[in-house]
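Colleague: Could you walk me through how the labels on this model were reached? I would like to see each value set against its cut-off.

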Amino acid sequence: MRLLAWHFDFHTPGYVRVNTNPDVASAARALRDAGVEEIITFAKCHFGYAYYPTRVGTPHPGMKGDAFGDLQAACKAEGLKVLAYISFGIDGQAGEQHLDWCQIGPSGSRGRPGHFISVCPFTPYTDDLMLPQVAEVIERYRPDGFFFDTMGAMGVCLCEACRKSFREVTGQEIPQNPDDPLQATYGRFRHDRGVALIARVGDFIQARLPGATVGFNQVGSLPYPERMPASITRLTLDPSTQGPQSLAFSLNAAYGSTADRPCDVMPTIFNQGWGDWSLSPDLLLRQVGAAVWARGARLYVGDRLHPQNRLDRRTQHALSVLRDLHDAMAKEMPPESATLVPDVLLVHSPSATQGEDMRFFFDGRVRDRLGVISGAHHLFLDSGANATVVGEAFLEKRIDRAGLVVLPEVPALAPETEEILRSYVERGGHALIVGRPPRVGGQPLGWLGLSFEEDPWQDHIYVPPWGDAPEVLVRGDFYRAALTGAEVICPAIPAWDARHGHRYGWGIGPACESPSPYPALACASVGAGKVWTFGTPILSDYAQSGNWQQAVWWKGLLDRMGFPRRAFLECETGGVELVVYADARTTWAVLVHHAVEQLVGRWARSVGPLPAVPVRLHVAPLGRRVRQVLAREQVLRFTVDEDALTVPLVMDSVWRVVRIEWEQFV
Ligand SMILES: [Zn+2]
């Protein structure tokens, strides 16, 4: 199981006394005793101050001695690795001293003198200050690597240098109207030069500090899901500290667990995230920690260091909560040699957040576009599926072991991804397309056995229930489709006399008594496999509305699709996550209980006790005979038939590992 790592935020105004009464030795010992293997501590903050006596940048005016160097030395003495934090795109001092280095957004420069100021790395800032400061830190301290933050620096900038370089590349001015067709060119321009820049910074570090850890916050993670250049060795998943936390960290850990390099998932210990000193409840810390460790990602805890360069009491408390959680989970989690074996892959495409033509790359609103993948993760989790999230770039490596591949309202796919997916289905795989099918090279995916009209027919429909229940409402554009090889599994039921874009008062209309001839769900055979299309955007609707009927219906759908499943949960309340590992003789089902999180304003809290939720874990024997089923070293009772081994459980703790030991192979 991955160890714990700790990130100390340290953005400190110039008038604050820093490092005047340090206790780095106790801090390092406490971190080591809690099982922390690596920390991030500050070389340079958003104010632009360095926390070591720099000759290149601006030392913190209130600092005595060498805050960074002292903490690094103490941590190294205890065997911890240390990464230097560099604020990449916000540097108050640089912005104040060099107006021409400021990043200029659509409404001017961002920040104010004496505080944080956004800077543009495509000005001399990079070569005259940032890289020389990186070189200075390497020369003086030989840290284990660097963590760069504030990557909004890769976003929209109208500074003189950026306008000049866009003009040189395209012969045009940077477009400012969001509907300008040139936005696609500008998005691609931002992307290509941004990725080239971080590759250059990574290479710069690797040349001077071979084997260094190098990470750029968020880049390569859910908001920007693409393969990173080789000199970037780490992905950092640092989701919003606002809104639901427990499921958000589960989603991030899921993405991280299928990426091509180590991932750090970074929650904070605070009630209101990075800017707070009030602690998050212990239960939420444990839920988030368990969700991250369940997926095999590393928990990199966000915290703050006291300006005196010593640990705060809150840090001590959080360290003890997470040390206990780690120690308890480590006894039961599968060994490193076991493999994560998700049945369902939810494909996360760059087009979902950047747009089909890259126009939204780092446009400042990317988190708003994570609703679909969040909804997909949540709906499959509530349906009891053994599912994970995989970046489009990493699908090929994972697809052969998947029972079902889902395209969750993906606007566009790369042509090579279409090939990979089609060949998987032709070999007998199952794919489910949700929402309007993605485009490939500007054309709709052509082998679904359906042809959709261009304009939506309804903006909400109902789907027939599987059993004796009311029809299930799904909000979102519905397009009529002609069948060109697929068969209708569920017809769409329109609302009574409804028309797209019109409203019954404030709301939607009641379901018609009989269905339309148009498919809500269709299925086509492709080679030896099947492709299913559910054309209405139920995943973004679920993210918005949490319509409980949809979760029940979705569970019924997964039960009926007939794709191979290693394991799934039946849990009437939803909210219990299933993560499955296996090796030749053992299957591990790791369960995480996400219940009781409340939102107060924008902030999440979980105050116990957790409800005791009955769940039934089903595991496919695949011809094997069960030797025994264990949890917390207690033998559990189970039933077994041809299709499934069933373990009834009561989920009354944050996490549970159920271990199924198999007798023999047939
Ligand atoms: Zn610029």
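Colleague: Where does Arg 632 lie, and why is Arg 632 called partly exposed?

Modeller: Arg 632 lies in the loop between strand 35 (626–631) and strand 36 (634–635) of this predicted model. Its relative accessible area is 42%; buried means under 20% and exposed over 50%, so Arg 632 counts as partly exposed.

Colleague: What makes the backbone of Arg 632 worth a look?

Modeller: Its phi is near 50°, a positive value in a residue other than glycine. Most residues other than glycine have a negative phi. Glu 409 is another case, with a positive phi of about 50° although it is not a glycine. Glu 409 sits in the loop between strand 16 (404–408) and strand 17 (412–413).

Colleague: Why is Glu 409 called buried?

Modeller: The cut-off for buried is under 20% relative accessible area. Glu 409 has 15% relative accessibility, so it counts as buried.

Colleague: And what makes Phe 380 and Gln 287 buried?

Modeller: The cut-off of under 20% applies here too. Phe 380, in helix 11, has 1% relative accessibility and therefore counts as buried. Gln 287, in helix 8, has a relative accessible area of 0%, so Gln 287 is buried.

Colleague: What makes the peptide bond from Gly 608 to Pro 609 cis?

Modeller: Its omega is near 0°, and the bond is cis. Most peptide bonds are trans. Pro 609 is found in the loop between strand 33 (603–606) and strand 34 (613–619).

Colleague: How do you know that the second largest pocket lies between two domains?

Modeller: The lining tells us: domain 1 (4–93 + 130–151 + 195–333) and domain 2 (340–563) both give residues to it, so the pocket lies between them. There are 28 lining residues, and Pro 244, Ala 248, Leu 370, Gly 371 and Ser 374 lie nearest the centre. Helix 7 (246–257), helix 11 (371–382) and helix 14 (538–545) are the elements that give two or more residues to this lining. The pocket holds about 700 Å³ of space, and its lining has 10 nonpolar, 15 polar and three charged residues.

Colleague: Which residues line the largest cavity, and which classes do they belong to?

Modeller: Among them are Thr 241, Gln 245, Phe 270, Asn 271, Leu 284, Leu 285, Val 288 and Ala 604. By class, there are six nonpolar, six polar and no charged residues. Helix 8 (residues 282–294) gives the most to this lining, with three residues. The volume of the largest cavity is about 110 Å³, and the structure holds eight cavities of 30 Å³ or more.

Colleague: How do you know that the span of helix 15 is close to the one expected?

Modeller: Helix 15 (residues 548–561) has 14 residues and reaches 20 Å from its first C-alpha to its last, close to the 20 Å expected at 1.5 Å a residue. At its start, a side-chain oxygen of Asn 547 reaches to within 3.0 Å of the backbone nitrogen of Gln 549. A polar contact is a pair of N or O atoms within 3.5 Å, and this pair is within 3.0 Å. Helix 15 is followed by Gly 562, whose phi is positive, near 75°.

Colleague: Which residues of helix 15 are buried?

Modeller: The buried ones include Trp 553, Trp 554, Leu 557, Leu 558 and Met 561. Lys 555 is buried as well.

Notes. Residues are numbered from 1 along each chain as its sequence is written. This is a predicted model: local features need pLDDT of at least 70, side-chain atom pairs count only at pLDDT 80 or more; totals for chains, interfaces and linings use all residues. Side-chain values use heavy atoms; hydrogens and water are left out. On a 1 Å grid over the protein atoms alone, a cavity is a set of points where a 1.4 Å probe fits but cannot get out, and a pocket is an open set with protein on both sides within 12 Å along at least five of seven lines; lining residues have an atom within 4 Å of a point. Grid points are joined across faces, edges and corners, and a volume is the space filled by probe spheres set on the points. Helices (H or I, at least four residues) and strands (E, at least two) are DSSP runs, numbered from the N terminus. Ala, Val, Leu, Ile, Met, Phe, Trp, Tyr, Cys and Pro count as nonpolar, Asp, Glu, Lys and Arg as charged, and the others, Gly among them, as polar. Domain bounds come from an automatic or database domain assignment. The expected span of a helix is 1.5 Å times one less than its number of residues. Buried means under 20% relative accessible area, exposed over 50%, partly exposed in between (1.4 Å probe, protein chains only). A polar contact is a pair of N or O atoms within 3.5 Å; within protein, one must be able to donate a hydrogen and the other to accept it, and residues adjacent in sequence count only if both atoms are side-chain atoms.
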